[in-house]
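Please look at the sequence and the 3D structure shown here, and keep both in view while reading the report below.

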Amino acid sequence: MVNKDGFVMAGRRWSVFAVGLFILLCKLCQAKRTICLPQPIRNDVLIIGGMDAGNYKRLGKTTKDMKDCLRKACNSQQGNIAYFYQNNCFAVVCAKMHSCDLEPSENTGVKTYAALYRIIAAYPEFTSARHVNVLEDAPYLKEVLRFEATAESRTRNNEMMSYEIIRGNLDKTFRLYPLTSNWGSTIRLLKTLDRENISTYNLEIRAKNLKENVTRVLNISINVLDANDNPPEFLRSPFVFSVFSNISVGSLIGRLVARDNDTGLQSKLEYTIKGQFELITYSKDTGEVRLGKKRKVDTVGKNDYDITVTDGLYTTKGRLRVVLYPNNINRPVFEKTSFEVRLNGQVPLDTEVQRVSATDPDYGKLGELTYVILDGDDDEVFMVNNEGVIRTRGKIPYDSEVYNLTIGVHDNGYPELDAIKPANVVVLLQWLRFKQDIYEITVKEDLGLLETVFTASASLWVGGIQVMAGQRKRSTGGINYYLEEGLERFTMEETSGVITLHEVLDYETHKVYILAVKADYESADSTSITTVLSAKAILRVEILDVNDNHPKFSQLHYTQDVWKSSIINSPVLKINATDPDEGRNGLVHFEAVSGNFNETFSFEPDGIVFLKKSLIHSEQSTFNITVAAWDSGEPEPMRSERTASIIINVRGYMPKSPKFARDSYTLLMSEGVDIGFPIYQVNASVPDKRWKVTYWFRNLDGKMPFRVDPGTGWIYTTKRLDREEKDMYLLPYMASADLGRTSLTTMVNVTIRLGDENDNRPTFSRSYYSTVVTSHELGMSVLTVQAIDKDDGENGRVTYGMVKGQDKHYFTIHSRTGEIKTREHLPATSLLALKIHISAKDHGTPLLFSSKPVPVFVFIGSTFPISVETLERTTSTIKLRFTMINVSLADISHIGVVVQGDESIADYKEVTKRDIVSWHYVNTGQDNGAYAQRYMTGKVTCTPQIRMKKTFDFTVGSDGDKCIKTKEKFCNGKLQAKKNYRFQLVAYFKNGTSPENVSSIESNITEPCQTGAKNAKQTAGFRSWHYDVIVIVLGVIVGIIILATIIRAFMLYRRDKFRMKNDETKGGISYPLSNPRYRRSGTPRSSRSTMSFTELSKSRKLDKKDKMSPCDTDEEQQQDEPEEDGSDKEMETELNT
């Protein structure tokens, strides 16, 4: 049960019980150490004084017999007579000496018993002082202390003693010498004392009652008094005191401190300072140094002094340096901390952008200020001088919109002080921009004159916001447009940006026009400097072909002889027609209008006329064919304006056709030959040398990089060859023999294969490589890079090597496979990016290397350690300070904060493996079980300050209820009251270094933090668990004490029972072993068998108090059995009677 203050009530009860038990044990230990000497038991006796004899104390409710009564009386440690009457036992403390004598009683029929007993103080009692002082330089055998102890025995009131030092006599410094006059002793000095080594001796001296064989220990404390035998020593030398020029005269600037191991007057020290005393004053007794004269300085000054310290006998020297620092107590303060500037993006270098001003009232150089750009100038465009003027120092990137500059200022004092609040200068850049850098449009070639081709539009942008766009009226100022190229056919309106056509377009003469469009705007910004902003764009005008041309024959009359025995599908002749249009508009095909009887001939699109039917049985000797040419244009094809006439004469027999030397030709050549390189000459033989042979490629389009000389048969290249694009060409090679009015044609296949040259560099498959390693083992595989060379053989064989990088000594790379392994132990810094550069080369002639080395980033660690400190907390928010331990943030762009609920989750580490969701999903979704208690609450940009300090503050739950309505992915919604949360950080890599498939790395998860605490340092459950620990420890201690007490009592009870049984068997009176008055059967007793009370009182005063405690030491309870004598045996006989 816990009260409102959080204290455990059970703990209080245990504390009270433990204290009471401790007090009880202490009282038991303070029992007197005495010896009880009983007289023989007498029966049928009365006490002379009767009830007035003294104080009667009843011992117990019932008593078995007189022996038991005598034991109880001795155990009570008080009284003089044990009186037994009708099972009642009394201990009588006599009031007067003569009133406790016993006398016989009359025969009343009731038995009465009585016995006198005497209690003696047998343990030694010391009478000397317990504390004594002795000088450190005391001589040899100096008497330190004289002491004496007294004790009683059965026969004497002052028994003989023996003494010895049992503990505390370090190095045997002291020795005991007995006194002859009494039973005392003296402590004398045997060795020289050294107070600085040992200042106090705690001696334990044991005194022994030789008669009763009992001891007692005396604790004596010997305090060594100091003598002046040590010189003083300065705690340090030189002393260096710092003085700031703003402190007032008389202020304490330092204290000279020396140490003297002596004490008392011998340790009283006096200080002295020698030198110029204008600046300082000092106290001889205390060593305090104070400012004597005030100085106004702006640089650091040093003053040296000689110092001494003396204790009256010894003197020690030292040095003192007083360093005078300037009074730099004022921080610079900006007169204005917020600025907004509009700046033209095309201003020249060294243009003044803005002036910031700060003041510092300090003296001299302390007030000189230095301005710096703290943040916001990632492109290094701006600079600030010592006068606070911000200027441009580099070309402003065209894609920049806003620069948010943070300007700091610090003085030149010691230490340097900077402004608490920096100045913020927002630079809004003004740009004139087209919507696109390159425009592409298409225009039909039949576009009319003065018709609009394109309308250009540029806009003025300020800080990424469009403030002026479109065209302007002619009468107002604004953006002007110009054409820098393309003026021969197009014109542009200056104010509207409209481009019109002023010359007719012809696709056949010019297919594409490239126009350079320029826009100018005269703009003034916050610098009051007028700058002409300009923007350029490229307009690519592609002309669309229109079917506006008729096919046209190259000649209108053709005559050709054909043999009657010609085979079917053999070529007869070739006609030609052209159309200047392109595409389908220029695609020409032929149609026989008349004269092609029985469709004996066919006309191919390429103009070749083939024999389709046999002429052997044909009666036609001449074919007069009229042919028309058509294009394939749209929407309607066009026919040639004139037709062509073909006259084909049929002859009787056919001579042999041209014959090639081979059935096919395969040519091998290098891909690196120049344009026009002669490859090979392919000729055909004819039976009549008078025949003219013509060579050509059949169906060869314009993209084929070869041509043939019609007269010689040499094949030439027309373009650069690239084996990697195409490595083989199959060419139908034709040879035609002209017989006058007829021709004979033969075809052969020519195959050209390209041989490889080392004309390709190795190319890496990625612009950079990046990976994350979690192990630090030697020889561990990190990653494999790959470069591709399109060449073959040795030209395409790639090897790898590391060329540069300060971290290259950690790695090695396999030259053939590109596998990177570790050869040294990697650093233990998490998120550290080790950067190396890999180059690739082939083995061709000449050697070719990759265009540039590829960077490789190796990030260390899959998780990084963090610690969290709670700064503030409420019922719905927690302000935390995250500290990233042993990490590198150079390649981290921003850090995300992940919140994970800890309530009702058995294994929170399993939840950590889940995907990160949003606050809205966790707190408002229908299915938001334990697996969903993990969400991203926000991201923090990794600023230079965070990268340097590796710590930042973040308030979780600061958005409150705003996140209920919004479903944004990262919303910092409120937390639940009195609930535990764990936190985790996610580090996101920069775009240029992010590993493949890994964009971020998570930290370890923190210990739980609870909302709703009163202060940041009080953790949940603080009050309860501390007091639980206290109660448990206290309960264990008390239990041990109780258990030890019970065991000890049980053991004493067993010994007492055993001893009493043996003594009763022998007929004697037994006393428990737990009572220090108990004596064994061999213990000496009084030699007198009977003794009157008067005689007993004479030997010892009644009720004498023993001042010693039986619990002092175990050695005090040692009882050696002396030898038995005749008096002891006689006493036992009387007692038995």
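What follows is a report on salt bridges and disulfides in this structure.

This is a predicted model, in which local features need pLDDT of at least 70 and side-chain atom pairs count only at pLDDT 80 or more, while totals for chains, interfaces and linings use all residues. Residues are numbered from 1 along each chain as its sequence is written, and side-chain values use heavy atoms, with hydrogens and water left out.

## Salt bridges

Side chains of opposite charge can pair when their charged atoms come close. A salt bridge is counted here when a side-chain nitrogen of Lys or Arg lies within 4 Å of a carboxyl oxygen of Asp or Glu. A search of the whole structure with this rule finds 27 salt bridges, and three of these pairs are set out in the table.

| Salt bridge | Closest N and O atoms |
|---|---|
| Glutamate 164 and arginine 206 | 2.2 Å |
| Aspartate 674 and arginine 720 | 3.3 Å |

Glutamate 164 pairs with arginine 206, with 2.2 Å between the closest N and O atoms. The pair links distant parts of the chain, since glutamate 164 is in strand E13 (residues 161-167) and arginine 206 is in strand E16 (residues 200-209), 42 residues apart. Such strands (E, at least two residues), like helices (H or I, at least four residues), are DSSP runs numbered from the N terminus. To describe how open a residue is, the report uses relative accessible area, where buried means under 20%, exposed means over 50%, and partly exposed lies in between (1.4 Å probe, protein chains only). Glutamate 164 is partly exposed, because its relative accessible area is 37%, whereas arginine 206 counts as buried because its value is 17%.

The salt bridge between aspartate 674 and arginine 720 has its closest N and O atoms 3.3 Å apart. Aspartate 674 lies in the loop between strand E55 (664-670) and strand E56 (678-681), and arginine 720 lies in the loop between strand E60 (714-717) and strand E61 (728-738), so the pair ties together parts that are 46 residues apart in sequence. Aspartate 674 is partly exposed, with a relative accessible area of 48%, while arginine 720 counts as exposed at 58%. Elsewhere, salt bridges that share partners join Glu143, Arg146 and Arg188 into one network.

## Disulfides

A disulfide is a pair of cysteine sulfur atoms within 2.5 Å, and the structure holds two disulfides.

Cysteine 36 and cysteine 74 form one of them, with their sulfur atoms 2.1 Å apart. The torsion about their S-S bond is about -40°, so this disulfide is left-handed. Cysteine 36 lies in strand E1 (residues 35-38) and cysteine 74 lies in helix H2 (residues 66-75), so the pair ties together parts that are 38 residues apart in sequence. Both cysteine 36 and cysteine 74 are buried.

Another disulfide joins cysteine 69 to cysteine 89, with an S to S distance of 1.9 Å. The torsion about the S-S bond of cysteine 69 and cysteine 89 is about 80°, so this disulfide is right-handed. The pair links distant parts of the chain, with cysteine 69 in helix H2 and cysteine 89 in strand E6 (residues 88-94), 20 residues apart. Cysteine 69 counts as buried at 0% relative accessibility, and cysteine 89 counts as buried at 1%.
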